[in-house]
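I opened this notebook to record, entry by entry, what I looked up in the structure shown here. I begin with the aromatic rings and then turn to helices and backbone.

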Amino acid sequence: MKLASALLWVLLSALGAVALAHVTGLVSPQEKVNGLWLVVAAGCVYVLAYRVYGRWLAKQVIELNNQRVTPAIRLNDGVNFHPTNKYVLFGHHFAAIAGAGPLLGPVLAAQFGFLPGFLWLVIGAVLAGAVQDFIILVASMRRNGRSLPEIARDELGSITGTATAVAVLFIVVVALAGLGFAVVNALYHNAWGTFTIAMTIPIGFTMGFYLQKFRPGAVAEVSALGLVLLIAAVLFGRVVAQSPYATWFEFERPALVWLLAGYGFLASVLPGWMLLVPRGYLSTFMKLGVVFLLGFGVILMAPTIEMPRVTAFAGGGGPIIPGTLFPFLFITIACGAVSGFHALVSSGTTSKMIEQESQAVVGYAAMLLESFVGVMALIAASVLIPGDYLAINTNLPADTLAALGFPVSRIQELSQVVEVDVAGRPGGAVSLAVGMASIFAALPGMAGLMAYWYQFALVFEALFILTTIDTGTRVARYLIQEMAGRVYAPFRRINWLPGVFLSSGFVVGAWAYLIGTGSISTIWPMFGAANQLLGTLALCVGTTVLIKMWKSPYLWVTAAPMLFVGAITLTGSYEMLGMFLAKAATLSGSESFPLYLDAGLVVAVAILGLIVLSDSMKQWYGYVVLKKPFTSSEVIVMAGGGATGRVQTAVHNDEERGFRIPPGGGCC
């Protein structure tokens with residue numbers, strides 16, 4: 001059996017190597033790549049990484065031990081802390097981290113060509129993103145489920161702790177702006193899509209009340225009900241779009257921003273069971289089902305990748321993301337490779353649900369699956385003719401795109417078959433939906449249904465995005481209440497209505513303003529930089545955790561990706577600052593203000609990153625080189641009452657202090 005197992009891994013490695021050779025152009029460099037090679041290459045790398053690197057991290061570096069009693073067992077309250085089946089745990093964690101980021105980021109980054117984005121999605125997830133998620137999950141699990149800002153404050157002091165809290169708030173607000181911008185551009189003058197997305201709100205209410213009030217515990221029934229209603233909304237949407245009532249759902253961009261802000265506020269202040277949780281639950285089926293269906297379509301149809309491996313925009317001057325490949329490719333892809341937001345999920349809810357320490361490997365595995373989502377999104381965008389891809393994601397006329405070397409080919413035909421004018425809808429959502437619909441419509445028996453597949457793909461994306469908006473707004477509301485509670489104590493009560501309304505209104509107003517005054521070329525790079533900043537902070541905390549676990553020989557595991565991601569963030573922030581200031585100088589006072597505001601936010605990102613890095617490195621030097629003593633907030637309780645005396649424990653049971661994330665959401 002050992003010989004057969006070894007042979008299987010050798011064959012898998014060989015298959016992955018052959019696939020990577022085709023993807024990178026080492027084999028048949030002049031020919032276009034088949035999308036199937038990207039799926040095979042990514043799948044092989046993920047399986048091998050989980051089997052080899054993930055297992056090594058779990059056994060050698062972290063030393064997961066099922067004899068240690070987890071917080072889910074010790075602090076079981078049936079609400080926040082409760083032991084969970086490992087398969088359900090994986091589903092929850094994936095649903096919480098897999099938001100719209102891995103869908104939109106790789107699509108926008110396809111501007112640089114498919115190869116750089118593919119390589120960073122795969123390599124970044126294996127060596128950086130999955131490592132961050134896993135180590136922060138374990139760190140929180142061994143500290144009574146403490147959140148990332150709390151761990152940073154306990155282990156690195158108030159300076160880094162405060163910087164982490166501010167960074168969390170910043171990334172959530174900018175993320176909501178970037179994702180909301182994509183929704184607005186996908187739905188304006190689109191009655192079919194707007195009606196279908198609007199119907200998901202009453203569907204969520206129906207599912208929430210059905211499960212909470214009418215049929216508690218009837219999960220299978222409510223799942224079937226939600227799926228049937230969702231399909232009905234997609235099908236009936238076309239009827240509405242072709243009826244006299246279509247004008248009721250055809251909105252301009254400003255009106256959609258207001259409606260989106262209203263939804264975010266409503267979802268933030270209502271009880272989670274009423275809207276937030278059922279929408280998140282419904283989106284889980286859509287996320288997994290559609291991604292694997294898309295993968296099946298790619299395997300079955302083996303579509304040709306039309307996008308070049310690397311485009312002329314790698315040197316800068318691109319019409320979607322104006323910067324150069326380094327660093328803008330990395331901060332554009334963001335979530336699919338490294339996402340700081342995942343550290344909030346790992347330390348927010350998942351760490352409180354682990355029954356045995358060995359189950360913590362879900363942190364590594366779920367990130368690999370999210371990266372696969374990003375690869376599928378990249379493929380869906382890259383099967384489009386490059387000129388059509390750019391015509392959708394920019395407002396440039398066809399003549400300009402042709403002059404850039406990317407002639408528009410089928411944009412009118414695509415608009416006709418999906419029954420929506422898809423040109424000039426930047427943000428990534430529309431081009432992804434068109435690419436997905438093209439793959440689905442090519443399946444046997446699906447010819448002529450591309451319009452339905454297009455709207456279905458938009459609903460799929462919107463469920464990701466709206467779930468991010470409602471969850472993210474609530475997350476930011478919790479953080480503002482926690483920070484404001486240090487000044488005025490009632491704010492710390494999560495259910496204090498004045499605090500709920502004020503903090504939710506502030507968050508909604510902030511991201512809605514950014515949507516209304518920005519563009520995808522300004523908002524998305526800011527989001528990417530903020531996300532990578534938070535990833536840098538999380539890897540900083542992870543490095544400190546390893547030091548305090550007496551694992552200094554393995555510091556490179558977190559320190560190496562931290563330095564790379566940190567360099568990306570600081571370089572990108574510097575270049576964005578120059579671009580924003582240069583553009584603002586060409587505009588009048590009122591028109592230039594949003595760009596100066598964006599520049600100020602970018603400076604804030606850089607300053608936060610420098611504060612955290614410098615403060616952390618100073619402490620690491622003291623611990624590792626000068627051998628200064630340290631304390632740790634780690635709590636170790638062994639089965640049978642055994643305990644370790646190696647660390648000083650600091651247990652905090654103040655529930656008001658806990659920074660919590662509601663389940664089922666996800667940003668990235």
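Entry on aromatic pairs. I looked up the aromatic pairs and found that the structure holds 19 of them, where rings of Phe, Tyr and Trp (its six-membered ring) pair if their centres lie within 6.5 Å, and planes under 30 degrees apart count as stacked, over 60 as edge-to-face and the rest as tilted. For Phe265 and Phe501 the ring centres are 6.1 Å apart and the planes stand at 25°, so I noted this pair as stacked. Phe265 lies in helix α11 (residues 253–269) and Phe501 in helix α21 (residues 497–517), so the pair ties together parts that are 236 residues apart in sequence. Helices here are DSSP runs (H or I, at least four residues), numbered from the N terminus.

The model is predicted, so local features need pLDDT of at least 70 and side-chain atom pairs count only at pLDDT 80 or more, while totals for chains, interfaces and linings use all residues. Residues are numbered from 1 along each chain as its sequence is written, and side-chain values use heavy atoms, with hydrogens and water left out.

Tyr488 is partly exposed, with a relative accessible area of 45%, whereas Phe491 counts as buried at 15%. I also noted one aromatic cluster, formed by Tyr53, Trp56, Tyr364, Tyr554 and Trp556.

Entry on two helices. Helix α1 (residues 2–24) packs with helix α2 (residues 35–61) at an angle of about 140°, and their axes are 8 Å apart. Axes are lines fitted to C-alpha atoms, for helices over the stretch in contact, and angles run from 0 to 180 degrees between N-to-C directions. I wrote this down as oblique, since angles under 35 degrees count as roughly parallel, over 145 as roughly antiparallel, 65 to 115 as roughly perpendicular and the rest as oblique. Among the residues of α1 that meet α2 are Trp9, Leu12 and Leu15, and the α2 side of this contact includes Trp37, Leu38 and Arg51, with contact meaning heavy atoms within 4.5 Å.

Entry on a covered helix. I asked how many residues of helix α16 (residues 386–393) are buried, and found 8 of its 8. The buried residues of α16, including Pro386, Tyr389 and Asn393, pack against α5 (101–109), α15 (362–382), α17 (398–403), α18 (411–418) and α19 (429–441).

Entry on the backbone. Most residues other than glycine have a negative phi, and most peptide bonds are trans. I therefore looked for departures from this pattern. The peptide bond from Phe326 to Pro327 is cis, with omega near 10°, and Pro327 lies in helix α13 (residues 325–333). Glu63 is not a glycine, yet has a positive phi of about 55°; Glu63 is placed in the loop between α2 and α3 (71–74) and is partly exposed, with a relative accessible area of 39%. Trp550, also not a glycine, has a positive phi of about 65°, and I found Trp550 in the loop between α22 (520–548) and α23 (556–584).

How values were computed:
Buried means under 20% relative accessible area, exposed over 50%, partly exposed in between (1.4 Å probe, protein chains only).
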